[in-house]
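Q: I have a structure open and would like to learn how to read it, feature by feature. Can you walk me through it?

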Amino acid sequence: MIEQVYLIPLLPLIGFVVLGLFGKRIGNEKLLGMIGASTVGAGFLIALSIFFGMTGMQPEERSHVVRLFTWIHAGDFTADLAYRVDQLSILFTMIITGIGFLIHVYSIGYMHGDKSFFRFFAYLNLFVFMMLNLVLANNFLVTFLGWEGVGLASYLLIGFWYDQKFEGTNITWTGDAAKKAFIVNRIGDFGMLIAMFIAYQYTGSLDYDKLQTAVVGGLIPAHIITYMGLAIFLGCTGKSAQIPLGVWLPDAMAGPTPVSALIHAATMVTSGIFLIARTNVVFASSHTTLAVVTGVGICTAFFAATVGIAQNDIKKVLAYSTVSQLGFMFIALGVGAFWVGVFHVMTHAFFKALLFLGAGSVIHGMHHEQDIMKMGGLKKHMKITHLTFFIGTLAIAGIPGLSGFFSKDEILWKAFSSGSPVLWGVGVAAAFCTAFYMFRMFYLTFHGEERFDHHHVHPHESPLSMTFPLMVLAVFSIIGGYFGIPHAVGALLGHAPNLLEHWLEPVFADADKILNHSHAAHVEPIEYGLMVTSTVIAIIGIFLARSLYRNYGKASTEPTAKLGGLHALLSKKYLVDELYQAVFVNTFYTLSNSFLWKIFDVKGIDGVVNGTAQLIGGTAERLRRIQTGVAQNYAVMMMAGIVAVLGYMVFVR
Amino acid sequence: MGELGYLAVLSSLFVPLVGTLAVGFIDRNQKKAIQWTTLVFSLISFVLSLPLLTSFNLSDSGFQFEINKVWIASLGVGFHLGVDGMSALLVVLTTLIMPIAIFSSFDAINKREKEYYAMLLFLQFGMTGVFLALDTFLFYVFWELILIPMYFLIGIWGGQDRIYAAVKFFLYTVVGSLLMLVAIVWLGYYAQQNAGGFTADIVKLREIAPTIPSHIQQWMFLAFALSFCIKVPLFPLHTWLPDAHVQAPTAGSVILAGILLKLGTYGLIRFNLELFPQASVTFAPILSTLAVIGIIYGALVAIVQTDVKKLVAYSSVSHLGFVVLGIFSMNQEGVQGAIIQMINHGLSTPMLFLCVGVIYERRHTRDISEFGGLTSVMPRFCVLFAIAMFASVGLPGLNGFVGEYLTLVGAFQSPYLHSWWYAILSATGVIFAAVYLLWMFQRVMFGTNDNPKNHSLQDVTRNEMATLIPLVILIVWLGVYPQSFMKYSAQSTKSVVEKIHKHHQGTMQASR
C-alpha cells in the first residue's frame with residue numbers, strides 16, 4: 001500500500017479539477033459536497049491502511065520513499081517529485097485527511113445555499129492536495145510547493161466572499177485580508193528560499209535525508225547550520241503566525257468558518273512545527289536557533305493569550321488562541337522536545353477544529369452574528385453545540401483527563417526541565433490567560449442573558465451534517481491525549497505506555513543524540529508538583545471567568561474594561577498592525593512613489609535621456625521630419641548605413 | 001527526421017515574409033481576408049517550426065539544422081542559419097506568441113489593417129531571423145530590421161503619446177546598436193589579422209574571439225552588452241519600456257514582452273558569454289549588481305503604479321533582472337534557469353497584457369481606480385487573470401517559479417559572484433512581486449462592483465478565450481513538468497559554462 005501513497009494527494013487534486021471545471025454544471029449541492037468529501041475521506045482510509053501496515057514493520061523499516069518524476073533538473077541540481085512516508089508524515093497525513101474529511105462534511109451544511117458552493121469545495125480540495133504535498137515531501141522543494149500552495153488556497157478561501165467587507169487595520173474587504181495573509185507569508189517564504197539555497201550549496205541536494213546525514217556527519221560548518229535554522233524558522237513564523245509575522249492570522253478570519261477550522265487552526269498553521277520536526281537535526285545542532293525558537297514561542301504564547309482576553313469577535317478570540325497555542329508548540333521544539341511539539345499539534349487539531357466548528361455552528365444559528373457581546377443564553381437553543389464546545393473549552397484550558405492537558409502539561413514540564421523555571425512561569429501565565437479568555441467566551445456565548453435582538457435572530461441548532469463532525473471531534477478531544485501519555489502520568493496509570501513518543505522516536509533519534517536526550521522513563525517528584533500547580537492555576541482562571549461572565553446581562557459592563565489603558569492596548573492588539581503600517585508599508589510606499597518613480601525614474605533617468613537627445617542637436621526634431629511614415633525610407637536608410645560601414649571596411653582594406 | 005529540422009528553420013523564417021507579401025496583395029477593404037490570411041500564415045509558421053524541437057538532437061551541444069550560403073564572399077559574410085537548444089526554444093516561443101498576438105488584434109485594431117498585419121508578419125520575420133542568424137552581419141541586419149515595424153506599431157496604432165514613446169524606443173535602441181555594429185566590424189577585422197580571413201561567422205568567431213587580449217575583449221563585451229542591456233532592459237536603461245508598453249496596442253505589448261525583450265537576454269548569452277568568456281567573468285559582478293537593483297527597483301516602482309499596463313511593464317524590469325542575474329551566474333543552474341525564465345516570462349507576461357487588453361477593450365481605461373469588484377460580472381475572466389497573476393508571482397506549480405528559483409540558486413552558488421547577497425537581495429523581489437500583483441488584483445477584481453460603468457461588462461468572449469487558454473496550458477505544463485523544455489538547453493548551456501570555466505582557470509593560472 002505504501003507504494004500507492006501518491007493516491008492520497010492525487011484524489012483531492014482530481015477533486016479540485018473536476019469541481020473547478022465542471023462544478024457549476026453539476027450544480028447539485030449534495031453531489032458536489034460528496035465529491036469534495038469523498039476524495040479526502042478515501043485519502044484518509046488509504047493513510048490508515050498505510051499506517052497499520054507500518055505498525056507491522058520494524059521501526060527502522062518504516063521510512064519509505066516513493067519517487068514519481070523529476071520535477072526540476074539543471075546541471076547538478078535535481079529535485080524529484082517524491083514522497084516520503086515515515087512516522088512523522090503519516091501522522092500528519094492522517095490528521096489532515098481525517099479532520100479534513102470531517103470539515104468537508106460540515107461544510108456541506110455550513111455552505112448550504114451559497115452561490116459559489118462548488119468553488120468552495122474546489123478550493124478546499126486544492127488546499128488538502130497542497131497540504132499533503134507539504135508533509136509528504138521527500139525534499140525541500142516539494143515541501144515548498146505545498147508551502148506556497150497552501151498559501152494560495154488560504155488566499156482564495158480567506159477572500160472567498162470577495163465582495164464582502166471585513167474590519168481590520170487598513171483592511172476594508174475580505175480580499176485585503178487574503179492579500180495580507182499571502183504577502184506576510186511570502187516574507188516567511190523568503191526565509192525558506194534562503195534555507196534551500198544553503199542546503200543545496202552544502203549537500204548538493206534538497207533531499208531531507210541528505211541534509212540530515214550532512215548535519216549529523218559534521219559536513220556543514222556550525223555557523224552555517226545556525227543561519228539555515230534561522231532561515232527555516234523565518235518561514236515557520238510566517239506560516240505558523242508567530243512573532244514577528246503573526247499579524248495575518250486574526251485577519252484570516254475573514255474566510256468562511258470551516259476554513260478557519262481546517263486551515264487556520266488544525267492543519268496549515270502547524271506547517272511550521274512540521275518543518276522543524278522534519279529538519280530537527282538542523283535545530284538540535286544550534287543552541288542559538290533553539291534559543292530563538294523558544295524565545296519567539298514563549299513571547300507569542302504569552303502576548304497572544306493576553307490579547308485574547310479583550311476580543312469580542314468569537315472567531316478572533318479563537319484566532320488569538322491558535323496563535324498562542326502554536327507558540328506553546330514552538331516552546332516544545334525550542335527546548336528540543338520535538339515529539340511533544342508534534343503531540344500538541346495533534347491534540348490541538350482536535351480541540352481547536354472542534355471549537356472553530358462549534359463557533360461556526362453558533363454563527364450559523366445566529367444568522368452570521370460573531371460578536372459574543374450580542375449572544376448569551378444559547379445553551380438552551382443549541383444543545384449539541386453547547387456540550388461539544390464545552391468539551392473543547394475544557395480541553396484547551398488543560399483540565400486533567402482531556403487531550404489538551406496531556407500535551408500542554410508535557411510542554412510545561414519540558415520547558416521547566418530542559419529550559420528554565422522562568423520559561424515555565426511565563427508558560428503557566430499564558431495558560432492561565434487561556435483558561436480565562438476561553439471560558440469568558442464560553443459563558444458570554446452560551447450562558448447569561450440573551451442579548452440578541454429576538455425579532456431578527458432566532459437561534460437554532462445546526463443540521464446533522466454539522467453536528468456530527470462536532471461530536472466526533474469532541475470524542476477525540478477527550479481521548480486524543482491518551483496516545484501520548486507523559487511518563488509522570490503514565491506512572492500513575494499503571495505504567496501506561498507513551499505510544500506517540502515511541503512511534504516518533506526513530507524520526508528524532510539523531511537530534512536526541514545530539515542533545516543528549518534519553519528516553520528513560522524516570523519520573524521526578526517535582527513534576528507532580530508543577531502539574532498540580534499549573535492545573536490549579538488554570539482552574540482559578542476558569543472560575544474567575546465564571547464569576548465575572550456567567551450572569552452577564554444586557555446592562556452589564558465589561559469587567560476587564562476596568563483595566564483601563566491596558567484593556568485598550570489589548571483590544572487593539574498592542575498596536576502591532578499600526579506599527580507595521582507606519583514603519584514598513586508607508587515607508588516603502590512613499591519611497592517608491594515619491595522618490596524612486598516620480599523623481600529618480602521620471603526626472604532622473606528620463607531627464608538625462610531626454611536631455612541628451614535634445615543636446616545632440618535636436619535629434620528628435622530631425623527624426624520627426626524624417627518620419628514620413630513610409631517603411632521603405634527607413635529600410636533604405638538602414639541599408640545605406642550598413643553599406644556605408646561595409647564600404648568603409650572595404651576601403652580600409 | 002533531420003530534414004524536417006532544416007525545413008523548420010527555413011519555414012519559420014520565410015513563411016512570415018511570404019505572408020507579409022501575401023497580405024500586400026489583398027485589397028485593403030477586405031479586412032476579414034487580411035486578418036485570416038495573416039493568422040493562417042502565422043499558424044503555418046508555428047506548426048512548421050515545431051520540428052525544431054521534435055527533431056532536435058538532445059545530446060548535441062553545437063548548432064543544428066545549419067544552413068550556410070555565402071552572401072558577401074569578400075567579407076566572409078554568410079547567410080548562416082541554425083539553432084541550438086536555446087534558440088530553438090525561442091524561435092518556437094516566437095511562432096507561438098505571434099498567432100496569439102494576431103488573433104487578439106481582430107477586434108482591437110480598426111484602422112489601416114493592411115499595414116498593421118503586414119507589419120506584424122514582417123516583425124516576426126525579423127525576430128525569427130535574430131534567433132536563427134549564425135552570422136554577426138546577418139544578425140545585425142535582422143536586429144535593425146525589427147526596429148521598423150515595432151516603431152510603426154507603437155507610432156501608428158498606439159495610444160495618446162505614441163509618437164514620444166516610439167521615438168524614445170527608436171533612439172534608445174539605435175544608440176545601443178551602433179556600438180554593436182562597430183564591435184561586429186572590429187571582430188571581423190581581428191579575425192582577418194589573426195585567423196587568416198575576415199569573418200562574421202559566429203561558429204568561427206566562437207573559436208577566435210576568446211583569444212582576443214582581455215583588455216580589448218572588455219571593450220568588445222561592453223559594446224555588445226550596451227546594446228543588449230537596453231533591449232532587456234536592464235536598470236538603469238529601462239525607461240523606454242514603460243512608455244512603449246503603455247502606448248503600444250495590446251498585441252504590441254504582447255510581442256514586446258513575449259519576444260522582443262528576450263532578444264537582449266539571448267544576445268547576452270550568444271555573444272557576451274560565448275565570445276568573451278574572460279570579460280564575462282570581469283563584468284559579471286557589475287551586471288549582476290544592476291540586475292539585482294533592477295529586480296528590487298522594478299518591483300518597488302510597480303507597486304505604486306496606477307495604470308495596470310505600466311505596472312506590468314515595471315514588473316518586466318523586475319522579472320528580466322532574474323534572467324540577467326542567472327546569465328551572469330555563469331553556472332548551469334543559473335544559465336539554464338535564465339533560459340527557462342525567458343520562456344516563462346514570454347508566456348505569463350503576454351497573458352497579463354492580454355488580460356489588461358480584455359478590460360481595456362471594454363472600458364478604454366487602464367486606471368486601476370476605475371475598476372473594482374469585476375469578479376461579480378466577469379467570473380471566468382477572474383480565473384484566467386488570477387492564473388496569469390500567480391504565474392507572474394512565481395507560485396510553485398506554475399511556470400514562473402522554475403526559472404526564478406534556478407536563477408537564484410545559480411547566483412547563490414556562482415563561482416564568479418563570490419557572494420550570497422546577490423541571491424538573498426534578489427529573493428526579496430519575490431516578496432514585492434506578491435505585493436504589487438496581489439494589490440492590483442485586489443483593487444481590480446475584488447470588493448463590490450460599485451462603478452456604474454462596470455455593471456454590465458461582458459465576461460471573456462470565445463475569441464479572447466482562444467488567445468488565453470493555450471497560454472494557461474503552457475503555464476501549467478512548464479510549472480509541473482519543465483523538463484520537457486529544459487532538456488533542450490542542457491547541452492548547449494553546459495558547453496558555454498565549461499568554456500567560461502576553462503578560460504577562467506587559464507587566466508588564473510597565467511596570472512600566477
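Q: What area is buried between chain A and chain B, and what percentage of it do carbon and sulfur atoms give?

A: The size of an interface is often given as the accessible area lost when the parts come together. Here about 6600 Å² is buried between chain A and chain B, and carbon and sulfur atoms give 75% of that. Buried area is the accessible area (1.4 Å probe) that two parts lose on being put together, summed over both. Of the area that chain A buries against chain B, Y162(A), R186(A) and F197(A) supply 11%, more than any other three residues.

A: Some ground rules before we go on. This is a predicted model, where local features need pLDDT of at least 70 and side-chain atom pairs count only at pLDDT 80 or more, while totals for chains, interfaces and linings use all residues. Residues are numbered from 1 along each chain as its sequence is written, chains are lettered from A and ligands numbered from 1 in the order in which they are written, and side-chain values use heavy atoms, with hydrogens and water left out.

Q: How many residues of each chain are in contact across the interface?

A: Contact means heavy atoms within 4.5 Å. By that rule, 65 residues of chain A touch 77 residues of chain B.

Q: How many residue pairs are in polar contact between the chains, and how many salt bridges are counted there?

A: A polar contact is a pair of N or O atoms within 3.5 Å; within protein, one must be able to donate a hydrogen and the other to accept it, and residues adjacent in sequence count only if both atoms are side-chain atoms. Between chain A and chain B there are 15 residue pairs of that kind, both residues at pLDDT 80 or more. A salt bridge is a side-chain nitrogen of Lys or Arg within 4 Å of a carboxyl oxygen of Asp or Glu. The two chains share 1 salt bridge: D606(A) with K168(B), whose closest N and O atoms are 2.6 Å apart.

Q: Which element gives the most to the side of chain A that touches chain B?

A: Helices (H or I, at least four residues) and strands (E, at least two) are DSSP runs, numbered from the N terminus. On that side of chain A, α6(A) gives the most, with 16 residues. The residues there divide into 45 nonpolar, 11 polar and 9 charged.

Q: Now the whole structure: how many salt bridges are found over all chains?

A: Side chains of opposite charge can pair when their charged atoms come close. The search over all chains finds 22 salt bridges. One of them joins K115(A) and D163(A), with closest N and O atoms 3.7 Å apart. K115(A) lies in the loop between α3 (87–110) and α4 (117–136) of chain A, D163(A) in the loop between α5 and β3 (165–168), 48 residues apart.

Q: Is K115(A) buried or exposed?

A: Buried means under 20% relative accessible area, exposed over 50%, partly exposed in between (1.4 Å probe, protein chains only). K115(A) is exposed because its relative accessible area is 62%, whereas D163(A), at 25%, is partly exposed.

Q: Which residues are linked in a network of salt bridges?

A: Look at D84(B), R206(B), R270(B) and E274(B). R270(B) meets D84(B) at 2.9 Å, N to O; R270(B) sits in helix α11 (residues 250–275) of chain B and D84(B) in the loop between β2 and α4 (85–108), 186 residues apart. E274(B) meets R206(B) at 2.8 Å, and this pair links helix α11 with helix α8 (residues 202–208) of chain B, 68 residues apart. R270(B) is buried at 1%, D84(B) at 2%, E274(B) at 3% and R206(B) at 14%.

Q: Where is L470(A), and which residues is L470(A) in contact with?

A: L470(A) is in helix α19 (residues 464–479) of chain A. With 0% relative accessibility, L470(A) counts as buried. Leaving aside neighbours within four places in sequence, its contacts include L354(A), L357(A) and G358(A). L470(A) is also 8.1 Å from I384(A), C-alpha to C-alpha, although they are 86 residues apart in sequence.

Technical notes
Nonpolar A, V, L, I, M, F, W, Y, C, P; charged D, E, K, R; others polar.
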